[in-house]
Amino acid sequence: MNRQAIEQAFTRFRERFPHFIRRTPLWKLPGAALGVSCDEVWLKLEHLQAAGSFKARGMLNRLLSHDIPDAGVIVASGGNAGIATAAAARELGVRCEVFVPTVSSPAKQAKLRELGAEVVVTGAAYAEALQACLSRQRETGALLTHAYDQPEVVTGAGTLAQEIEMQGGGVPASVLVSVGGGGLIAGIASWFEDRTRVVALEPQLAPTLHKARAAGEPVDVEVGGIAADSLGAKRIGQLAWDLTQRHVRDALLLPDTAIRDAQIWLWKHMKIAVEPAAALPLAALHSRAWTPAREETPCLVICGANVDPATLA
């Protein structure tokens, strides 16, 4: 998990899978267009990625890094990692089994089945689905893809940060990133290291990194709220913990009301339909939890679009 490994994954994607791993747009807008006071804001529109989220990068990188047994691949997920794994498995022509908790939205479950995955709905939260998945993996010998805590998954996610720097022509002043288990922020921190200010954003009702910092180590937390199907990991991943300790100073909590307001704002004013987890960066600006100086350029990572459009009315 370093810049060289990320560059290798990026090259592999570009040379072998440009039709699958998309170069998602980087939108440079006046701050006023988003209702904020800084001169310019970048939006990394990663919700337009294959399978509807950044997860496609890490899941494909994991599958490409191993020989896949006849039993195929297996994953536990609130939805997005499962969708990305199922899409990557279909791309490679291998079977896929996905364990999701009951909190996973019907829209995400339907998408999994559409991609040809075998879906098992079990447990009230991601952690319970993960335990069932691990038990099944021991029986079948399928390749386990973890939603956020494997080196290949983190490295794949890091290609998003490399893309931001390439498209932006440099490094933004800050990068605002939603955190659940931490795979995305771990990948972004691996690429940028200390060359910019990476800001971790969590819902108040799913504070895995916040609680870990209070305890001095990863700990189990109760999770819930509007973004639980995407950011509902029970504890921060060990890889994310290690990397954020080194490279991420700022970790902020946001209320569900601010997250929901930002999600609806993106739809009403920008026609960007995203799930709640993708709205945290804008929520941080609108709520003034994060206030960049006028001359600074923050980059908001819009990380996922697996949402039922009816919920945005």
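Buried means under 20% relative accessible area, exposed means over 50%, and partly exposed lies in between. Those cut-offs apply to the predicted model discussed here.

**Two single residues**

Ser-230 sits in helix α9. Its relative accessibility is 22%, so Ser-230 counts as partly exposed. Leaving aside residues up to four places away in sequence, Ser-230 touches Asn-80, Lys-108, Glu-275 and Ala-277.

Thr-208 belongs to helix α8, which spans residues 208-215. Thr-208 has a relative accessible area of 0% and is therefore buried. With residues up to four places away in sequence set aside, Thr-208 touches Gly-180, Glu-202, Val-221, Ala-233, Lys-234, Arg-235 and Ile-236.

**Helix α4**

Helix α4 runs over residues 106-114, and its buried residues are Lys-108, Gln-109 and Leu-112. These three cover an arc of only 100° around the axis, so they lie on the same side of α4. An α-helix has 3.6 residues a turn, so residues three or four places apart point the same way. Pro-106 and Glu-114 are exposed, on the face of α4 turned away from the buried side.

Which elements cover the buried residues of α4? They include helix α3 (80-92), strand β4 (96-100), strand β5 (118-121) and helix α9 (228-231). After α4 comes Gly-116, with a positive phi near 90°.

Helix α7 is mostly covered, with 10 of its 10 residues buried. Among them are Leu-184, Ile-188, Trp-191 and Phe-192. The cover includes α1 (3-16), α6, β7 (174-178), β8 (197-203), α10 (238-247) and β10 (298-301). Just after α7, Glu-193 takes a positive phi of about 50°.

| Pair | Axis separation | Angle | Handedness |
|---|---|---|---|
| α6 and α7 | within 7 Å | roughly 55° | right-handed |
| α7 and α10 | 9 Å | about 45° | left-handed |

Take α6 and α7. Helix α6 covers residues 151-168 and helix α7 residues 183-192; their axes cross at roughly 55°. The two helices are therefore oblique to each other. From α6, the contact uses Val-154, Ala-157, Gly-158, Leu-160, Ala-161, Gln-162, Ile-164 and Glu-165. From α7, it uses Gly-183, Leu-184, Ala-186, Gly-187, Ile-188, Ser-190, Trp-191 and Phe-192. By class, this contact has 10 nonpolar, five polar and one charged residues.

Now α7 and α10. Their axes are 9 Å apart and the packing angle is about 45°. This pair is therefore oblique. Ile-185, Ala-186, Ala-189 and Ser-190 of α7 meet Ala-240, Leu-243, Thr-244 and His-247 of α10. By class, the contact of α7 with α10 has five nonpolar, three polar and no charged residues.

Ala-186 and Ser-190 of α7 contribute to the contact with α6. Ala-186 and Ser-190 also meet α10.

Key:
Residues are numbered from 1 along each chain as its sequence is written. This is a predicted model: local features need pLDDT of at least 70, side-chain atom pairs count only at pLDDT 80 or more; totals for chains, interfaces and linings use all residues. Side-chain values use heavy atoms; hydrogens and water are left out. Axes are lines fitted to C-alpha atoms, for helices over the stretch in contact, and angles run from 0 to 180 degrees between N-to-C directions. Helices (H or I, at least four residues) and strands (E, at least two) are DSSP runs, numbered from the N terminus. Angles under 35 degrees count as roughly parallel, over 145 as roughly antiparallel, 65 to 115 as roughly perpendicular and the rest as oblique. A crossing is left-handed if the near helix is turned anticlockwise from the far one by less than a right angle, and right-handed if clockwise. Contact means heavy atoms within 4.5 Å. Ala, Val, Leu, Ile, Met, Phe, Trp, Tyr, Cys and Pro count as nonpolar, Asp, Glu, Lys and Arg as charged, and the others, Gly among them, as polar. Buried means under 20% relative accessible area, exposed over 50%, partly exposed in between (1.4 Å probe, protein chains only). The arc is that of the directions from the helix axis to the C-beta atoms.
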